[in-house]
Protein chains: 4
Amino acid sequence: MKALVLHGIRDLRVEEVRKPRPGPGQVLVRVRAVGLCGSDVHYYTHGRIGEQVVREPMIVGHEGAGEVAALGPGVEGLTVGRRVAIEPAISCGRCEYCVTGRPNLCPTVRFCSTPPNDGLMCEFAVIERHQCVPIPDALSWDEAAMLEPLQVGVHAGNLAGVRPGDTAAVVGAGCIGLACMEVARAAGAGRIIVTDKLDYRLKLARKLGATDTINVDKKDPAGEVSRLTGGRMADVVFECTNRAAGAPQAWGLAGIGGRVMMAGIPEEDEVSFDSHTPRRKELLVQYVRRSRHAARQAIDLVASKRVNVAGWVTHRVPLAGAKKAFDMVADYADGVLKAVILP
Amino acid sequence: MKALVLHGIRDLRVEEVRKPRPGPGQVLVRVRAVGLCGSDVHYYTHGRIGEQVVREPMIVGHEGAGEVAALGPGVEGLTVGRRVAIEPAISCGRCEYCVTGRPNLCPTVRFCSTPPNDGLMCEFAVIERHQCVPIPDALSWDEAAMLEPLQVGVHAGNLAGVRPGDTAAVVGAGCIGLACMEVARAAGAGRIIVTDKLDYRLKLARKLGATDTINVDKKDPAGEVSRLTGGRMADVVFECTNRAAGAPQAWGLAGIGGRVMMAGIPEEDEVSFDSHTPRRKELLVQYVRRSRHAARQAIDLVASKRVNVAGWVTHRVPLAGAKKAFDMVADYADGVLKAVILP
Amino acid sequence: MKALVLHGIRDLRVEEVRKPRPGPGQVLVRVRAVGLCGSDVHYYTHGRIGEQVVREPMIVGHEGAGEVAALGPGVEGLTVGRRVAIEPAISCGRCEYCVTGRPNLCPTVRFCSTPPNDGLMCEFAVIERHQCVPIPDALSWDEAAMLEPLQVGVHAGNLAGVRPGDTAAVVGAGCIGLACMEVARAAGAGRIIVTDKLDYRLKLARKLGATDTINVDKKDPAGEVSRLTGGRMADVVFECTNRAAGAPQAWGLAGIGGRVMMAGIPEEDEVSFDSHTPRRKELLVQYVRRSRHAARQAIDLVASKRVNVAGWVTHRVPLAGAKKAFDMVADYADGVLKAVILP
Amino acid sequence: MKALVLHGIRDLRVEEVRKPRPGPGQVLVRVRAVGLCGSDVHYYTHGRIGEQVVREPMIVGHEGAGEVAALGPGVEGLTVGRRVAIEPAISCGRCEYCVTGRPNLCPTVRFCSTPPNDGLMCEFAVIERHQCVPIPDALSWDEAAMLEPLQVGVHAGNLAGVRPGDTAAVVGAGCIGLACMEVARAAGAGRIIVTDKLDYRLKLARKLGATDTINVDKKDPAGEVSRLTGGRMADVVFECTNRAAGAPQAWGLAGIGGRVMMAGIPEEDEVSFDSHTPRRKELLVQYVRRSRHAARQAIDLVASKRVNVAGWVTHRVPLAGAKKAFDMVADYADGVLKAVILP
């Protein structure tokens, strides 16, 4: 079968590899769509994320969906042909964090397309039974692939406890920022302010539900949010950038007693900020790691059209065009938000 | 000025009374619209609610809105002509419950149209400064009068912590039930199931956002909810009836680990229910008393058209027609949900 | 091996039964101590609890502890001789409630000594690996057996969110009531008021940490709690009786905005109460079903002597004396709180 | 009367000033004891805290207690001679934060001994009625003066939601650190680990309830906490230093999914930390600003001897010795933790 294999920095190849077979409790999935995530691009451009280094050729991609193609021995409750989204994390199921309902914090979790585990940008993938999330027919393949990032937004929204009428601010209008924004809107946020440096992303944010947007290269975001809210600032802020500067910006946009959800993954290893701001406002700062138990909510939101995840997808390409898509995303080509690979 | 005065059971008269004058810190309001609440009707039909007995003639009504007509000495931050909704409760501001942000639990609270305090169904009313809630021009007088019951729904929703994708059930499609339903919808509930005995109320519920309705005289509500949810039942249930039978119904509709908000006020003094159901499901049962700090959220929801409170209003009458409206509501006349008196 | 087998109402026999063998993933435990729980007695006196009927002879007992005697194939992380408390519930590990950290709500949970599952009052028992909770040497066998009911108190306390300085009331001074009382004390409750009908139990409660006790047959509990608290009543109330009358008593002892934990299992199938009290106080009523993830906390509390569970044990008997102990407990013999069977 | 007046950096004088008179709603208090707080010292050594600059001579001190000496017009519920602790903050009572129960976040709060408001290190002080917190006779004047810092610990503990059996870590063994430590112990924390650079403070921490202490100049605190907890780290961490280095240390001591309470006020204006640690652990970081509604809890803890605040007091001096005490504290003289001024 064909697969997209990362051999090293900027060295991504479509190759013929052996089609895998499902073992006991496993499922073979015919992959239909895989979103291209920032972490995939980071491996592509740096060959590593922190201490996780690509040492062997690795199939990339973890935002995937497809049809069940075959069942390994002992798999129950699924049939061949069933449409599923793929949960990319395999948690241990036995540690303190798993049994208390926090598998996203499992210390021994394995993750699709994180070395040395292969990912999903290939024609067929073998996954564990519990990674299969059945989806309704109402969802397109694009939408199914977008469930994974949407769940990060759902999890962040759950942690934030957004209430109807809240003012929400979203720092960074990438895919996770849009997910948080749409979830905040679905949770009843009244004013939803999105900031970014790229006008085309802010335009997309407005199209998908932002009531106000701020280009932080042109205007002072704290000043603008103050103006829009009569000085009250935001009840809840979602930090969704990949830069260290996102944290202090987020804390500046939060109102007194506000809640800040830290959903972004900064490229820098060190973050610094004014020490007095968060204390004077008595902020609650909640860091967000992937997601947990958010699939049911995410599917409901997409199936009922209350969030629009298809709107994130700006490019759709076959495996053969994947390398070009990686380059586009890596270089922040104008207009790119989310590319979906169709194996 | 003219006022609607309750003299005894079913004895309600439009009378000429002395126009009041605002004292220090008080505000004279030209009343424009007052909703007719179930508690008003209860005083009309029974002359009392529990230990609160109408001993002297009393002006009724507490869901009111109007324009500032005059300011008493020392009132700041308001001008004549300002449109305001009227907060009907005067809490003490000093007790443990007030200072910890729970004025709705103040033991010495005084309440409009609760004996011996006059209400708002009159041309002019004097209220305390802190009872004035300025409203935007986007709100009609009907909508402004409906903010009071809507806030009960907002408070119940805040206590419930509705999350996007939750399944909500609402027991009783009166005004408070519709308020809870619309707030649950605004908070992202996916499936919203409403039950009642009156088909015209269920029809209105569907029009205003219910995804499913159940006439409990025709179908078993627990069975129907089980069928609709694949046995999972509701994440959160709002009990909004005025009958003791609402409680056990609510607990039956809740799923395992569910949350039940008890917003209704039963006419019966005693409630009884199966002792095992709530324990086996480990339910959280939260009683709801009026509302607190919900005005900002409620105004935002109405002004942005995310909830439709004007849709509750089925009858609009001047003071002269008020008695007839009380009779209609008291007798559950077909098609009546909310009457608004226009003094 | 010897086992205590329930054949029917009041028909309990010490019998020779076949010693079981551990299968894959299972553990053979040499049972050292098993507490006699109210539910065991209920099966003894009624032959059933609700719909759970003893149809075949059944070994009783589920509050157990012992030493690992043998390991089935594939069991890791345990050695023969290891001292363990026994978690009596086997949850499925895969349902929505298990994976979200609420195994106590698993709809398909199996439970030791609930028909048709045998219990622990025997010399050797086979249990699943995950039912073994290793305990430190500091714990006696009596204490280890008491971890199971203590965990109910820990879970109730966790749900209650007891804070230092809170006033707690405990309705019912049986084993679960004492567990809730000791946990509330450990969590910092200042005044801790315990009610019961039996003076010897109230005496034991005072010995174990109650600051005040009330015999509800002699004094009005609400009046007494009002007197002790200056009218403020209790911040948190634990209902721990086996009677329907416990619920309204609990709600009466709670203060405005109070939290009521319903940990008791009423014998009656129907509960009734005043419908206005809980609403006027805006109570939060949280039902409590067994416990979850409380072992670590419970062991820490016992090992550090911050709770005294050995103090609950009033009788210690070998298997041969078990029937007499069941009769004593069933008849509320004077001075009986908890009997421990030593197989 | 005599007062301790700060004229400029290191310029503190005992002076004769005019005895104040209570106005309407005010109370004259004969001050008996005032704790010397780090913020007092900061004004003494720097003449400012951030933007708050001592421009006029100012009486210092805000941790005070005394007897009611006279009542201004209209004051109810107090009598001359009543012993009171003094709440140092005067919040507006009308803003969004005050009415929702968060007066510590009031944007227009005035605070004793913050320019331009005089403090309490004088013989008589005039305060508002609501600043008087009546205390039981069981409390000494030292203890009464310590209620103010203890309440910071109570508030931090309330926000942390410490549960029995939790492992707590406290970074910094000054007065606030000891307050958090004692509150965590009162709330049931099992292992309580305290870190500092000063051995005499760690010795005091052990005396007052720490189970383990770490001198961070001698040992790696994260390594030690890992060793003590079997790698699990702390469930809750209280950051209580006055240095920017406290934040990253705190986050390093927290376990996966842990809660970090930021109660310290760093001298530095900028804090920097590793960007990955808090995200990978999905930490909740809650900043803490003074305290709110903690007096009842604090008094209960002290009166019942469950916390020992008298143990913090290492020096007791009259007004005449105050300057020397300020120097000692400013210079971290060996053995100094808390000095109390006795006017």
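Okay, quick one to start: which residue of chain A comes closest to the rotation axis? It's Ser272(A), with its C-alpha at 1.9 Å.

Before I go on, a word on what we're looking at. This is a predicted model, where local features need pLDDT of at least 70, side-chain atom pairs count only at pLDDT 80 or more, and totals for chains, interfaces and linings use all residues. Residues are numbered from 1 along each chain as its sequence is written, chains are lettered from A and ligands numbered from 1 in the order in which they are written, and side-chain values use heavy atoms, with hydrogens and water left out.

So, back to that axis. Two copies of a chain are related by a rotation about an axis and a shift along it. Here, chain A goes onto chain D by a rotation of 180 degrees with 0.0 Å of shift along the axis, and the RMSD is 0.0 Å. That makes the two copies related as by a two-fold rotation axis. The superposition is least squares on the C-alpha atoms of residues with pLDDT of at least 70 in both copies. Both copies use the same surface, too: 100% of the contact residues of chain A recur in chain D, contact being heavy atoms within 4.5 Å.

Chain B goes onto chain A with a rotation of 180 degrees as well, again with 0.0 Å of shift along the axis, at an RMSD of 0.1 Å. The C-alpha of chain B nearest that axis belongs to Ala187(B), 2.2 Å away. And 100% of the contact residues of chain B recur in chain A.

Now the rings. The whole structure has 14 aromatic pairs over all chains. A pair means rings of Phe, Tyr or Trp (its six-membered ring) with centres within 6.5 Å; planes under 30 degrees apart are stacked, over 60 edge-to-face, and the rest tilted.

Take Tyr44(A) and Phe326(A): edge-to-face, 5.2 Å centre to centre, with 65 degrees between the planes. They sit 282 residues apart, with Tyr44(A) in helix 1 (residues 38–46) and Phe326(A) in helix 10 (residues 322–330) of chain A. Helices here are DSSP runs of H or I with at least four residues, strands are runs of E with at least two, and numbering starts at the N terminus. Buried or exposed, Tyr44(A)? Buried, at 0% relative accessible area, and Phe326(A) is buried at 0% too. The cut-offs are under 20% for buried, over 50% for exposed and partly exposed in between, using a 1.4 Å probe and protein chains only.

The other pair I like is Phe273(A) with Phe273(D): the ring centres are 5.4 Å apart and the planes at 75 degrees, so that's edge-to-face. This pair crosses between chains, from strand 18 (residues 270–274) of chain A to strand 18 (residues 270–274) of chain D. Phe273(A) is buried at 3%, and Phe273(D) is buried at 3%.

Last thing, charges over rings. That means NZ of Lys or CZ of Arg within 6 Å of the ring centre and within 35 degrees of the ring normal. In chain C, the charged end of Arg290(C) sits over the ring of Phe111(C), 3.9 Å from the centre. In chain D, Arg30(D) lies over the face of Phe124(D), at 5.3 Å from the ring centre.
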